[in-house]
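User: Can you walk me through this model? Start with the overall layout, then the ligand and the helix packing.

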Amino acid sequence: MSDDTQPETEATAPAEAAPVRAGISAARASLADVPPEPGAPKQDPILNATGVRRAFGGLVAVDVAHLEVQRGTITALIGPNGAGKTTFFNLLTGFDRPSRGEWVFDGRRADRMRSYQVARAGMVRTFQLTKALTRMTVMDNMLIGAGNQIGERFWAGLVPPLWKAQEAANRAKAMELLERFKLDRKRDDYAGELSGGQRKLLEMARALMLDPKMVMLDEPMAGVNPALKQSLLEHIKDLREDGMTVLFVEHDMDMVHEIADWVAVMAAGQLITEGTPDQISADRRVIDAYLGAHHDAAQH
Ligand SMILES: Nc1ncnc2c1ncn2[C@@H]1O[C@H](COP(=O)(O)OP(=O)(O)OP(=O)(O)O)[C@@H](O)[C@H]1O
């Protein structure tokens, strides 16, 4: 954790040290008996997807037969360029519509939900800061991340005390998160002035404004300098400690090894295997997929 480097005190050491070990060992234990095969069933999947397909004209970008994501784990989604990872993310989070397929998130059918409904249900993805957002302050980015809960409820939005109370609560929550991500001193700066790594931290902090159960991160390490990488990794581990599930797309295999409890591998739209990081790095199918080799049974 980012705070581990601080000197331990009697008051804080036990409370901070215990959950770190609890989260990772619970996650690994929950996956211990799962076979390293595509579509492997999990003990307690927070996400359960079946037959998810998305074609763009003649190109089948995603064709995932089955995937379960175990609750409380950090799961990496890897695969060569063009494997369909981002498209799959977009489908799951309601930003794209599948040609067919269904999935259940935390006990609720989510394949018909719109993106804001998916987010409200607890599956929240991070977004790269768009140009418009870089021209807003860090705090305003956080407040946008909170959505407009009262304003969306039309009648409540007409009652100023309710509206103001909600805004004050959002601000307090945003401040707490900015402190946690060590961005509190930047709150009045334009988001565009942040470094690559700080932007990633802001993207994650914004997602947490919605109190997600599952956080979806698309290439969290892209454009982050080595100094901030470690801090970012620790923040992602903290999400698991707080009971959240994390699914992330990433090309940086060092990062995958360091934080993933489980890895799902896509190639040419399909889920070709799953397993622990060690199982995956030894899997011939994965090596072949990255080398662009044809899957040939004789090689196994
Ligand atoms: N809107 C779209 N229209 C047409 N083709 C698309 C569209 N979006 C994605 N594709 C195609 O679908 C395939 C999968 O793309 P996708 O971006 O999901 O892969 P990826 O695994 O995320 O790749 P990368 O690691 O390079 O980001 C690619 O061949 C891509 O060109």
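Domains and packing

Analyst: The centres of domain 1 and domain 2, taken over C-alpha atoms, are separated by 27 Å. The bounds come from an automatic or database domain assignment. This is a predicted model: local features need pLDDT of at least 70, side-chain atom pairs count only at pLDDT 80 or more, and totals for chains, interfaces and linings use all residues. Residues are numbered from 1 along each chain as its sequence is written.

User: Where do the two domains run in the chain?

Analyst: Domain 1 covers 21-122 + 212-300, and domain 2 covers 129-210. Their contact takes 10 residues from domain 1 and 9 residues from domain 2, where contact means C-beta atoms, placed from the backbone, within 7 Å.

User: Which helix gives the largest share of the side of domain 1 that touches domain 2?

Analyst: H10, with 3 residues. Helices (H or I, at least four residues) and strands (E, at least two) are DSSP runs, numbered from the N terminus. By class, that side of domain 1 has 7 nonpolar, 3 polar and no charged residues. Ala, Val, Leu, Ile, Met, Phe, Trp, Tyr, Cys and Pro count as nonpolar, Asp, Glu, Lys and Arg as charged, and the others, Gly among them, as polar.

User: Ligand next. Which residues are around the ligand?

Analyst: Phe 56, Leu 59, Ala 61, Gly 79, Asn 81, Gly 82, Ala 83, Gly 84, Lys 85, Thr 86 and Thr 87. A residue is near if its C-beta atom, placed from the backbone, lies within 6 Å of the molecule. The shell divides into 4 nonpolar, 6 polar and 1 charged.

User: Which element supplies the largest share of that shell?

Analyst: H2 does, with 3 residues. Strand E2 (59-70) and helix H2 (85-92) each supply at least two.

User: Back to helices. At roughly what angle do H9 and H10 cross?

Analyst: The axes of H9 (residues 196-208) and H10 (residues 226-241) cross at roughly 10 degrees and come within 10 Å. Axes are lines fitted to C-alpha atoms over the stretch in contact, and angles run from 0 to 180 degrees between N-to-C directions. That makes H9 roughly parallel to H10, a label for angles under 35 degrees.

User: Which residues of H9 and H10 meet?

Analyst: Gly 197, Lys 200, Leu 201 and Met 204 in H9 meet Leu 228, Leu 232 and His 235 in H10.

User: And what about H5 against H9?

Analyst: H5 (residues 138-145) packs on H9 at about 35 degrees, with the axes 8 Å apart. The H5 residues Val 138, Asn 141, Met 142 and Gly 145 meet Leu 202, Ala 205, Arg 206 and Ala 207 in H9.

Conventions
Angles under 35 degrees count as roughly parallel, over 145 as roughly antiparallel, 65 to 115 as roughly perpendicular and the rest as oblique. Two residues are in contact if their C-beta atoms, placed from the backbone, lie within 7 Å.
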